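This briefing covers helix packing and nonpolar cores in a predicted model. The sequence and structure are shown first.

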Amino acid sequence: MSSASNAGNAGRGTAGNGGDTLQTAGRRSLVDTAIEQLREQLSAGVWPVGTRIPTEHELAERLGIGRNTVREAIRVLVHAGMLVSRQGEGTFVRSTSDPAAVLRGVQRSGVRDVLEVRAALEAEGARLAALRHTPEDIVRMRAALAREAEVIAAHPERAGREATVEHDLEFHTAVVEAAHNPALTEVYRYFGASVRESMRTAFGDHEMPEVVVATHAALVDAIESGDPDRAEAACRRLLAEPTATVEQLLAAIAARK
């Protein structure tokens with residue numbers, strides 16, 4: 001009897017857990033649907049940037065869902081940077097563009113697009129770095145460059161130089177971070193995945209120019225000099241050759257079509 005009772009309880013417990021799982025899955029589906037509907041409203045400009053969105057109660061009625069579901073959806077969009085909550089005032093629109101969607105668009109961009117944006121970000125970063133760098137920033141740049149040079153020396157064959165990608169990215173990130181502009185740093189980090197992919201593409205292509213340590217060292221020297229114009233010019237010279245080569249490759253591909 002006791003065994004049968006235990007078995008029955010066990011069976012009911014298992015069924016109960018399964019029911020909880022289904023309820024959780026259903027709730028998650030409702031939250032995802034609410035997020036998508038609110039995101040569509042924001043993207044369509046129904047609520048312009050800076051305006052307050054309807055209350056949880058109003059949104060729940062419009063969407064035909066519970067207030068708790070609306071609250072979770074809003075929390076996700078606040079975390080995503082599309083909304084901002086102000087204590088005692090309500091929830092306001094911070095952006096009508098979903099940063100995750102923007103990043104996906106950046107990641108789908110071509111190598112030419114990536115290099116052009118990279119040049120703009122890094123050139124401004126180099127200018128500011130010349131004005132704001134610390135001795136520690138210079139040490140970090142030179143250390144990253146030294147590690148890159150070691151890899152190049154150890155792998156003189158072209159294919160082996162793909163191993164320098166991480167060190168090269170470390171170097172360029174150090175340049176941007178030496179600008180001590182948190183906004184610029186965050187944008188560059190956000191863009192970093194595409195920069196890394198672009199560099200891997202470049203290093204894996206035998207027609208691309210090899211990494212020249214001297215031009216990187218010249219950029220560090222220019223930043224250390226404190227001359228923003230010299231630093232920007234050095235940065236653009238460093239990026240000019242790979243950019244020009246990409247243009248030639250793209251033109252050759254277009255001519256074959």
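The axes of helix 6 and helix 9 cross at roughly 175°; angles over 145 degrees count as roughly antiparallel, so helix 6 and helix 9 are roughly antiparallel to each other. Their axes come within 11 Å.

**Helix 6 and helix 9**
- Helix 6 contributes Ile138, Met141, Arg142, Leu145, Glu148, Ala149 and Ile152 to the contact.
- From helix 9 come Val213, His216, Ala217, Val220, Asp221, Ile223 and Glu224.
- By type, the residues of this contact are nine nonpolar, one polar and four charged.

**Helix 5 and helix 10**
- Helix 5 (residues 111–132) and helix 10 (residues 228–256) have axes that come within 8 Å and cross at roughly 170°.
- That crossing makes helix 5 roughly antiparallel to helix 10.
- Residues of helix 5 in the contact include Leu115, Ala119, Ala126 and Arg127, and those of helix 10 include Ala231, Glu232, Cys235 and Leu239.
- The contact of helix 5 with helix 10 holds 14 nonpolar residues, one polar and nine charged.

**Nonpolar cores**
- The largest nonpolar core has 21 residues, and Ala126, Met141, Phe171, Val175, Leu219, Ile223 and Ala231 have the most contacts inside it.
- Two or more residues of this core come from each of helix 5, helix 6 (135–154), helix 7 (165–177), helix 9 (213–225) and helix 10.
- Helix 10 gives the most, with five residues.
- Leaving aside residues up to four places away in sequence, Ala126 touches Val175, Leu219, Ile223, Ala231, Glu232 and Cys235.
- A second, separate core has 17 residues, among them Ala34, Leu77, Leu83 and Val93.

How values were computed. Residues are numbered from 1 along each chain as its sequence is written. This is a predicted model: local features need pLDDT of at least 70, side-chain atom pairs count only at pLDDT 80 or more; totals for chains, interfaces and linings use all residues. Side-chain values use heavy atoms; hydrogens and water are left out. Axes are lines fitted to C-alpha atoms, for helices over the stretch in contact, and angles run from 0 to 180 degrees between N-to-C directions. Helices (H or I, at least four residues) and strands (E, at least two) are DSSP runs, numbered from the N terminus. Angles under 35 degrees count as roughly parallel, over 145 as roughly antiparallel, 65 to 115 as roughly perpendicular and the rest as oblique. Contact means heavy atoms within 4.5 Å. Ala, Val, Leu, Ile, Met, Phe, Trp, Tyr, Cys and Pro count as nonpolar, Asp, Glu, Lys and Arg as charged, and the others, Gly among them, as polar. A nonpolar core is a set of buried Ala, Val, Leu, Ile, Met, Phe, Trp, Tyr and Cys residues joined through side-chain atoms within 4.5 Å. Buried means under 20% relative accessible area, exposed over 50%, partly exposed in between (1.4 Å probe, protein chains only).
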